Amino acid sequence: MKPIMITGLLLGAMMLAGCTSPGPEFSGAVEQRVTVAGTQFYVYQKADRVQVLRMGYANKSARKDLPERMMEAAEIATKCQVRPGTIKGDTGAMRADLRCG
């Protein structure tokens with residue numbers, strides 16, 4: 001194999017491995033897997049913050065209600081409410097503040 005091909009394969013593998021890794025702010029958080037309406041999410045909670053990562057491909061029509069599904073996944077996994085106005089991110093990764101208790 002040519003060195004450039006090996007480098008490309010290694011970089012691709014590293015990118016795929018990082019797809020389900022939480023951001024630095026969520027280092028040490030417990031991962032929970034939640035499925036909502038057929039979409040799998042990885043949810044990370046640390047104190048009163050949550051990060052939700054969508055797994056798999058979502059075409060344009062499937063992305064239209066993903067923010068609501070991501071909020072639902074966060075609330076199912078954490079047993080807390082997502083605080084309105086604190087949601088940041090996109091249909092692949094979302095972060096928000098939680099109201100627990």
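**The disulfide and the strands around it**

Author: Cys-80 and Cys-100 form a disulfide, with 1.9 Å between their sulfur atoms; the term stands for a pair of cysteine sulfur atoms within 2.5 Å. The structure holds one disulfide. Cys-80 sits in the loop between α3 (66–78) and β4 (81–82), and Cys-100 in the segment after β6, so the pair ties together parts 20 residues apart in sequence. The torsion about the S-S bond is about 105°, so the disulfide is right-handed.

A word on the basis: this is a predicted model, in which local features need pLDDT of at least 70 and side-chain atom pairs count only at pLDDT 80 or more, while totals for chains, interfaces and linings use all residues. Residues are numbered from 1 along each chain as its sequence is written, and side-chain values use heavy atoms, with hydrogens and water left out.

The two cysteines can be compared by cover. Cys-80 is buried, with a relative accessible area of 7%, whereas Cys-100 is partly exposed, at 41%. Buried means under 20% relative accessible area, exposed over 50%, and partly exposed in between, with a 1.4 Å probe and protein chains only.

Next come the strands. Helices (H or I, at least four residues) and strands (E, at least two) are DSSP runs, numbered from the N terminus. Strand β6 (residues 93–99) and β3 pair in the antiparallel sense over five bridges; pairing requires that DSSP finds at least two bridges between two strands. In this pairing, Arg-49 stands opposite Asp-97 in β6.

Strand β3 covers residues 49–54, and six of its six residues are buried, so the strand is largely enclosed by the rest of the structure. In a regular strand the side chains alternate between the two faces of the sheet. Both faces of β3 are covered, with Arg-49, Gln-51 and Leu-53 buried on one side and Val-50, Val-52 and Arg-54 buried on the other.

β3 also pairs with strand β2 (residues 39–46), in the antiparallel sense over six bridges. Here Val-43 stands opposite Val-52 in β3. β2 and β3 form a hairpin with two residues between them, and Ala-47 in the turn has a positive phi of about 55°.

As for the whole, the protein has three helices and six strands, which run α-β-β-β-α-α-β-β-β from the N terminus on. Of its 101 residues, 33% count as buried.
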